[in-house]
Amino acid sequence: MAISNKSEHVVSLNMVPDGEAIGSIDMLDGDTGKTYSLGVFDGGNRNLMYVCPLDPKVDMEERDVTYMKDLLSPDVYESLRNAYDTLEFDSMILHNDDLVIDKSELVQNERFANWSERIENEDMNFSEKEMSLYQEMTNEGFPKLDALEARTGNKDNDISMDSAEKIISDYVGQINEEKPLVHSKTDNQLREQYQLLSTEKDGDMLKMKYLDRNDSGFSSKTFAYNQESGMVTEMDTTMVRGHDNLIGPETTVIDSININEMKSQINTKSITEEKTITRITREEGMER
């Protein structure tokens, strides 16, 4: 049973020669945004046109020959055979009615093959969306992939960009609580020492820039989180006057922080606060 689509997949038949292939079935995975392709071969005869799809539920290692007559609806297959002789066929979008197999199943099988190939090539850059789809697909009968199972088992150590953003915000909030508020030199009002200026996400990097108001003036502090390494680098940028008497930024790396330890500290703090609230509530109840 195929998993219901989260998004619409696009499958097309393109009869453009590429090497030994006389064409291809190209797929846009609506769930991941990735593309997969199956070469179409002819075996020297228009009646022997075939592709080699993978069925991971049957065998992860071998691709079976599937003749186009067993993959396409009779009308589309006949159009393909005629085009083989006339060379007038270019490309067409394939809908479920044009296929014998459900296009969602076709895409999911190639998606799984793509994952297996990436793991073999030691490419473990799997998105959260892909990991979620992997869990759904294994629940539907697809085989387990050891590399992704190991990653799923260490889910507590996997921190998304959104989680990292919350952790850094909480971390800065904690600093604000521990340090006194400073006097703003611009509007003469009391403000928090750190004010969020910008959040930037670029690939595996999250950068959160804060304005640091302190007794000596203003500087900016950036927390850069690298999703691949899981480390947060705390940097301080101060405007300084150089030898040429021009004012420019000088960036200093203050520290590299293990984000898992930050997460643990925040969780511990939350648990402690909950226990404190519970204890106070109980004490109030006893007083009454």
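The structure is a predicted model, in which local features need pLDDT of at least 70 and side-chain atom pairs count only at pLDDT 80 or more, while totals for chains, interfaces and linings use all residues. Residues are numbered from 1 along each chain as its sequence is written, and side-chain values use heavy atoms, with hydrogens and water left out.

The protein contains seven helices and 13 strands, where helices (H or I, at least four residues) and strands (E, at least two) are DSSP runs numbered from the N terminus. Of its 288 residues, 35% are buried, a term that stands for under 20% relative accessible area, with exposed meaning over 50% and partly exposed the range in between (1.4 Å probe, protein chains only). Among the contacts (heavy atoms within 4.5 Å) with a separation of 6 or more, 45% are between residues 24 or more positions apart.

Two packed helices are described by the angle between their axes and the distance between the axes. Helix 3 (residues 103–120) and helix 4 (residues 128–139) have axes that come within 12 Å and cross at roughly 115°; here the axes are lines fitted to C-alpha atoms over the stretch in contact, and angles run from 0 to 180 degrees between N-to-C directions. The crossing of helix 3 and helix 4 is left-handed, which is to say that the near helix is turned anticlockwise from the far one by less than a right angle. Helix 3 contributes Gln-108, Arg-111, Phe-112, Trp-115 and Arg-118 to the contact, and helix 4 contributes Glu-130, Leu-133, Tyr-134 and Met-137. These residues divide into five nonpolar, one polar and three charged, with Ala, Val, Leu, Ile, Met, Phe, Trp, Tyr, Cys and Pro counted as nonpolar, Asp, Glu, Lys and Arg as charged, and the others, Gly among them, as polar.

The charged residues of this contact lead on to the salt bridges. A salt bridge is a side-chain nitrogen of Lys or Arg within 4 Å of a carboxyl oxygen of Asp or Glu, and by this rule the count comes to eight. In one of them Glu-130 pairs with Arg-118, the closest N and O atoms being 2.8 Å apart. This pair links distant parts of the chain, since Glu-130 belongs to helix 4 and Arg-118 to helix 3, 12 residues apart. Glu-130 is buried, with a relative accessible area of 3%, and Arg-118 is likewise buried, at 10%.

Arg-118 also forms a salt bridge with Asp-123, with closest N and O atoms 3.8 Å apart, and Asp-123 is partly exposed, at a relative accessible area of 33%. A polar atom of the Arg-118 side chain lies 3.2 Å from the backbone oxygen of Asn-125. Leaving aside neighbours within four places in sequence, Arg-118 is in contact with Lys-34, Asp-123, Asn-125, Phe-126 and Glu-130.

Arg-111 forms a salt bridge with Asp-31, the closest N and O atoms being 3.1 Å apart. Arg-111 lies in helix 3 and Asp-31 in the loop between strand 2 (23–28) and strand 3 (35–40), so the pair ties together parts that are 80 residues apart in sequence. Both Arg-111 and Asp-31 are buried.

The loop between helix 3 and helix 4 holds Glu-122. Most residues other than glycine have a negative phi, whereas Glu-122, although not a glycine, has a positive phi of about 60°. Glu-122 is exposed, at 71% relative accessibility.

Technical notes: Polar contact = N/O pair within 3.5 Å; in protein donor to acceptor, adjacent residues only side chain to side chain.
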